[in-house]
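Me: I'd like to learn how to read a few features off a model. Could you take me through this one?

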Amino acid sequence: MTELLIDGRLSVGGSGTFSTINPATEEPIGPAADADAADMDRAIGAARRAFDDTDWSRDVALRVHCLRQLRAALNAEIEPMRDVTVAEVGAPITFTHGPHLQGPVDDLAFPADIAENYSWRTDLGVASPMGISSRRELVREPYGVVGAITPFNFPHQINLAKLGPALAAGNTVVLKPAPETPWCAAHIGRIIIERTDFPPGVVNVVTGSDPHLGARLAEDARVDVVSFTGSSATGASVMGGAAQTITKVCLELGGKSAFIVLDDADLARACGVAALAVSRHAGQGCAFTTRLLVPRESYDDAVEAAAAAMSGIAVGDPTDPATVCGPLISARQRDRVQGYLNLAVAEGGSFACGGGRPAGLDRGYFIAPTVIRGLDNSARVAREEIFGPVLVVLAHDGDDDAVGIANDSPYGLSAAVWGADPQRAAGVAGRLRTGTVSVNGGVWYSADAPFGGYKQSGNGREMGLAGFEEFLETKVIASAM
């Protein structure tokens, strides 16, 4: 885990190494390669050469072969990767059998299959614009070098959701993971060099402690696309850097998603689901529904139901299969969440449960699952992304008011609607300005479903056919007849 992958070789970082920390114990678990600016420059140069000077961008069969090799190799090493994920990310081990590890590995089949069966060229037929008879053909081809900048919360899912489609489309990639989770990315890099036929320079993995190292990808003219997942503030900075060279930017950013409970819903069940949803992985999910909107006449019952469900959620050691809510990723993130909890009280709210460190957990970056009551949608804790196991309960006065409150947000990433009448619930879902919506527990996450948001939650899509095509340019060739 102490080496970078650059130009087909594993190498030490120019700044040496830095420690990666187990967030459940606060103890170092080992060193990671610490790249410097020169390392990033080499990685971008390698990716540029691999795209410009090899057949990678034109050899679909090779791309499909390499992606399927990677999927098989990752599955062969799934158990050591599981151990890394639990130790470095603090991900509850149960979730590594789904979206934290096994799911994203299995999902690599999707971009490989898409590339193998994609219509790279489309005959547009004959037309006579300006009186010149011409046969037109639409050609889809890769952009070039992709800079992939990824966060700490679901590193395998996000790393592979960028690598798979970008590579399948024929691009080369420089992957820059978050400083908090370098091992997850480094493990993929080692497997690529040891167990696959990816040509040198096609995939480069640059880990480092400098949180600004990824900005070089956005500012370098040799990079054709920047795919970034993270906070909206950092996304704006990435977009600003890329504007200097008019580089395409795909952004998957923050969220403050609403969970709407209609007045005909099973209140206790809906509130229980909402409490569980925001407590998974300590609430560190951009699409988690962190605002619970309930009928005003049922507000007290809803708060009680949510608090009862949250109080029963297992918090603690992520190696325990019973754990749902593990630690936050770092002391900085824990302190940030605690700052929002203090703000909630200052804004006039109170805690129905939680509000600080769980009893009996003196080590680790833990925050107890928390229900905040007594505020409206103007409160900062109801508008800003907290990224912790925190649920704000808000009152609504009917369907129109619920939709208005849900849409009254700078974000538009996801949402949920619960109601006894499926048609009515679906009608409410259709009015929400978000990229994904769950109705009565429906699951939108899958390899073939595009994911992304409206407004300050980003632009572009990941996954699905739309996510694959984000990494393709469109060319039209017209031949006179």
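This is a predicted model: local features need pLDDT of at least 70, side-chain atom pairs count only at pLDDT 80 or more; totals for chains, interfaces and linings use all residues.

Me: How is a cavity found, and what volume does the largest cavity have?

Reply: Rolling a probe the size of a water molecule over the atoms shows where empty space is left. On a 1 Å grid over the protein atoms alone, a cavity is a set of points where a 1.4 Å probe fits but cannot get out, and lining residues have an atom within 4 Å of a point. Here the largest cavity comes to about 150 Å³. Of its 15 lining residues, Asp107, Pro111, Leu160, Ala161 and Met463 are the closest to the centre.

Me: Which helix gives the most to that lining?

Reply: That's α6, with 5 residues. At least two residues each come from α4 (102-107), α5 (109-117), α6 (155-168) and α16 (464-469); helices here are DSSP runs of H or I, at least four residues, numbered from the N terminus.

Me: What about the second largest cavity, what is its volume?

Reply: About 70 Å³. Its lining includes Lys256, Cys286, Phe288 and Glu385.

Me: On to cysteines: how many disulfides does a search find?

Reply: A disulfide is a covalent bond between the sulfur atoms of two cysteines. The test is a pair of cysteine sulfur atoms within 2.5 Å, and the whole structure gives 0. For Cys250, the closest cysteine sulfur is in Cys286, 15 Å away and so too far for a bond.

Me: Is Cys271 buried or exposed?

Reply: Buried means under 20% relative accessible area, exposed over 50%, and partly exposed in between (1.4 Å probe, protein chains only). Cys271 is buried at 0%, and Cys250 is buried at 7%.

Me: Where does Glu77 lie, and what does its side chain make a polar contact with?

Reply: Glu77 is in the loop between α2 (60-76) and α3 (78-89), buried at 11% relative accessibility. A polar contact is a pair of N or O atoms within 3.5 Å; within protein, one must be able to donate a hydrogen and the other to accept it, and residues adjacent in sequence count only if both atoms are side-chain atoms. The partner is the side chain of His187, at 3.2 Å.

Terms used. Residues are numbered from 1 along each chain as its sequence is written. Side-chain values use heavy atoms; hydrogens and water are left out. On a 1 Å grid over the protein atoms alone, a cavity is a set of points where a 1.4 Å probe fits but cannot get out, and a pocket is an open set with protein on both sides within 12 Å along at least five of seven lines; lining residues have an atom within 4 Å of a point. Grid points are joined across faces, edges and corners, and a volume is the space filled by probe spheres set on the points.
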